[in-house]
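Hi,

Here is the structure I promised to pass on.

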Amino acid sequence: MENNNHNIQDDEFRVLGTGSPVPMGNPDEERRRRRLGGWFAFALVALLGLAMIVFWPQSEDPDDVEGVFESRSETEALPLLDTLTTETPCVIKMDTLVSGHLLKLFIPHRAGARLVVGDLDEKDRQAVMNFQAADIRADNHEILGEFVLAGEQLATGVSKKGFCAIIDGYVSVGVGESTPLLDEAIAKGGYFFRQYALVDGGEPVMNKPKNSTVRKALCDWNGQVFVAVSADRLTLDEFARVLADFGVTNAIYLIGSDFAYGWSVDPAGNREEFGFEDRRPEYRKQSYIVWE
Amino acid sequence: METLVISKGTEMLCVPVDRLVYISSDGNYSTVVTQDNREQIVSYQLGQIEDLIDAQLGDAGSRFTRLGRRLIVNVDFVYFVDISKQRLILSDCLNCYHELTASRDVLIKLKAYKEALKKYGKQ
């Protein structure tokens, strides 16, 4: 009665009877499948983003948009972002539930990035999104870790393994003590900063225990970069696991609590501000990653 | 009412598939747990019960999923999946309530399967 198909591992899953009545992909590739749940969600995000842009003029209340996890393959998921019709830089803002935690996603569309040190210009209408980036000490305004601003290296040091390089407006997120992207950023007038690594090659990176708070991350999903913000108060480790469960390839931490000031501009051109600007002198100098 | 018949030697167990919550493995034996919270041990390996489900239920067997080496679960009873805590609760929200553990990878796949069933109108 027994056949060879009963060789099964503890982390394997299969549908009995005549098989799955719904598309399920390839259940044998464990690692790929682990990320697939996240891919479903990302395809959803892309689809909803497309729907928002296409139907925006007819939609009386865009907040009514709801969705489900899409069952799509990896090859189908990313090109959907390229089908967005608008050429105007904007931000697709989406929510998704991962491992019981709500993630708010800010996905820049047709927007290049750069780093800024100092105050944000609230009247800047070119910027469609910004978040705080590297750590800058409040007492002496020293930038912590390697930092390149428009090709000029302002700080050195590799205490944090995560990095973000911005070259010709394109954002790369990675983990490592050294990377050729640092030299390339300097040579090409680009930008570079370091932060805590959260996800490295799809695996969560464990950091020293930290308190629970709203967490932000700069994420790379096989080349698609976006910012994820936790709705819940999470430790760094919890946040890293959620991002890995979501299927993020690489992710680094972004500083700034839920009070950190910034804004995003939706496809209809509406600007939504969040947080507030801390006007105390010791906090006037911050670093931001700005998409425009 | 569709029934799964598990018969061997002098014993036979007949379980309405709508009432079969899960089956756990204990080596050469398996424990069949039904909606009335009764447990019945049968001298079948889990893989052999898989064969019975495939042979007897056909399409209707797709409500059952094999989760690793230890479990066959009726997805109709999946009540709560907590991937981070590796926790699975099967319940009918009446009298039946079973808390199980499974690997993270398995639970990720189970969650995706349930969501796909819902999306495609299969549940």
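What pLDDT does chain A average, and what share of the residues score at least 70? This is a predicted model, and chain A comes out at an average pLDDT of 76, with 70% of the residues at 70 or above. Two stretches of chain A to watch: the pLDDT is below 50 over residues 1–5, a stretch with five contacts in the model beyond near neighbours in sequence, and also below 50 over residues 25–31, where the corresponding count is nine contacts. Where pLDDT is low, the predicted coordinates should not be read in detail.

Chain B has a mean pLDDT of 90, and 99% of its residues reach 70 or more. As for the model scores, ipTM is 0.89 and pTM is 0.54.

Now the chain A sheet. Seven strands make an open sheet, ordered β2-β3-β14-β13-β15-β11-β12, and the pairing is antiparallel. β2 (90–98) and β12 (203–204) of chain A are at the edges with a single partner strand each, so one side of each has no neighbour in the sheet. β2(A) pairs with β3(A) (residues 101–109) through nine bridges, in the antiparallel sense, and A:Met94 sits opposite A:Leu105 of β3(A).

Helix α5 of chain A (residues 236–246) lies across β2, β3, β11, β12, β13, β14 and β15 of that chain, and runs at about 30° to β11(A).

Buried or exposed? A:Leu103 has 25 other C-beta atoms within 10 Å, and 20 or more is the cut-off, so the residue is buried. Leaving out residues up to four places away in sequence, A:Leu103 touches A:Thr96, A:Val98, A:Ala228, A:Ser230, A:Val242 and A:Phe246. Its C-alpha atom is 5.7 Å from that of A:Val229, although 126 residues separate the two along the chain.

On to the packing. The largest nonpolar core holds 63 residues, and A:Leu198, A:Ala217, A:Cys219, A:Leu243, A:Ala251 and A:Ile252 have the most contacts inside it. α5(A) supplies the largest share of this core, seven residues. Apart from that core there is another one of 35 residues, including A:Val15, B:Ile72, B:Leu90 and B:Leu110. Back in chain A, the contacts of A:Cys219, leaving aside neighbours within four places in sequence, are A:Val173, A:Val225, A:Phe226, A:Ala228, A:Leu243, A:Val248 and A:Ala251.

Finally, chain B. Strands β1 (residues 3–8) and β2 (residues 11–16) run antiparallel and are joined by six bridges, with B:Ile6 opposite B:Leu13 of β2(B). Two residues lie between the strands of this hairpin, and B:Gly9 takes a positive phi near 60° there.

What about helix α2 of chain B (residues 104–119)? At 1.5 Å a residue its 16 residues should span 22 Å, and the end C-alpha atoms are 22 Å apart, so the two agree. Buried residues in α2(B) include B:Leu107, B:Leu110, B:Tyr113 and B:Leu117. After α2(B) comes B:Gly121, with a positive phi near 70°.

Cheers

Note on methods
Residues numbered from 1 in each chain as written. Chains lettered and ligands numbered in written order. Predicted model: local features only at pLDDT ≥ 70, side-chain atom pairs only at ≥ 80, totals over all residues. Helix = DSSP H or I, 4+ residues; strand = E, 2+ residues; numbered from the N terminus. Expected span 1.5 Å × (residues − 1). Buried ≥ 20, exposed ≤ 12 C-beta atoms within 10 Å, placed from the backbone. Pairing = 2+ DSSP bridges. Contact = placed C-beta atoms within 7 Å. Axes fitted to C-alpha atoms, helices over the stretch in contact; angles between N-to-C directions. pLDDT = per-residue confidence, 0-100. Core = buried A, V, L, I, M, F, W, Y, C linked by C-beta atoms within 7 Å.
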